[in-house]
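Colleague: Could you walk me through reading this model, one feature at a time?

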Amino acid sequence: MSEWNEEWNAHFHNIKNGRKWCPYCIDNKSCTLEDSKRIAHIKNSKHLSKKYVNTGSVLLWRCNESHEWNANPNSVKDKNTWCQ
């Protein structure tokens, strides 16, 4: 189950025939600025960047031990990369 409790639109035919499902659950949805902030909050950390262009944007993060590093939001979300 998705931790975001999101809703999405899909054609019944695609769901019935197994072609599509929740894009959040299968990680096909791009990470937004709000998603990045939620990820940091869940990890008791901070997302420090003020500017966000797209999922390829490199953002500044700070973990709960005050380490800072740069990473794009999709690598944090999809590849579960975090503070080294």
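Modeller: Gladly, and let's begin with accessibility: buried means under 20% relative accessible area, exposed means over 50%, and partly exposed is in between, with a 1.4 Å probe and protein chains only. By that scale Cys83 is partly exposed, with a relative accessible area of 27%, whereas Cys63 counts as buried at 8%.

Colleague: What kind of model is it, and how are residues counted?

Modeller: This is a predicted model, so local features need pLDDT of at least 70 and side-chain atom pairs count only at pLDDT 80 or more, while totals for chains, interfaces and linings use all residues. Residues are numbered from 1 along each chain as its sequence is written, and side-chain values use heavy atoms, with hydrogens and water left out.

Colleague: Back to the cysteines: how many disulfides are there?

Modeller: A disulfide is a pair of cysteine sulfur atoms within 2.5 Å. By this rule the count is 0. For Cys63, which is in no disulfide, the nearest cysteine sulfur is that of Cys83, 3.7 Å away. Cys83 is likewise in no disulfide, and its nearest cysteine sulfur is that of Cys63.

Colleague: Now the helix α2. Which of its residues are buried?

Modeller: First the general idea: an α-helix has 3.6 residues a turn, so residues three or four places apart point the same way. Helices here are DSSP runs of H or I with at least four residues, strands are runs of E with at least two, and both are numbered from the N terminus. In helix α2 (residues 33–42), the buried residues are Asp35, Ser36, Ile39 and Ala40. Seen down the axis of α2, they fall within an arc of 135 degrees, so they line one face of the helix; the arc is that of the directions from the helix axis to the C-beta atoms. The face turned away from this buried side carries the exposed residues His41 and Ile42. After α2 comes Asn44, whose phi is positive, near 55 degrees.

Colleague: In what order do the strands form the sheet?

Modeller: Two strands pair if DSSP finds at least two bridges between them. Here 3 strands form an open, antiparallel sheet in the order β1-β2-β3. β1 and β3 (68–71) stand at the edges with a single partner strand each, so one side of each is left without a neighbour in the sheet. β1 pairs with β2 (residues 59–62) over 2 bridges, and Lys46 stands opposite Arg62 there. β2 and β3 pair over 4 bridges, with Leu59 opposite Ala71. The hairpin of β2 and β3 has 5 residues between the strands, and among them Ser66 takes a positive phi near 70 degrees.

Colleague: Which residues make up the largest nonpolar core?

Modeller: In soluble globular proteins, nonpolar side chains tend to be buried together. A nonpolar core here is a set of buried Ala, Val, Leu, Ile, Met, Phe, Trp, Tyr and Cys residues joined through side-chain atoms within 4.5 Å. The largest has 10 residues: Cys31, Ile39, Ala40, Leu59, Trp61, Cys63, Trp69, Ala71, Val76 and Trp82. The elements giving two or more residues to this core are α2, β2 and β3.

Colleague: And what does His47 touch?

Modeller: Contact means heavy atoms within 4.5 Å. His47 lies in strand β1 (residues 46–47) and is buried, with a relative accessible area of 12%. Not counting residues up to four places away in sequence, His47 touches Leu33, Ser36, Lys37, Ala40, Leu59, Leu60 and Trp61.

Colleague: Where is Ser57?

Modeller: Ser57 sits in the loop between β1 and β2, and is buried, with a relative accessible area of 12%. Leaving aside neighbours within four places in sequence, Ser57 is in contact with Tyr52, Ala71, Asn72 and Pro73.
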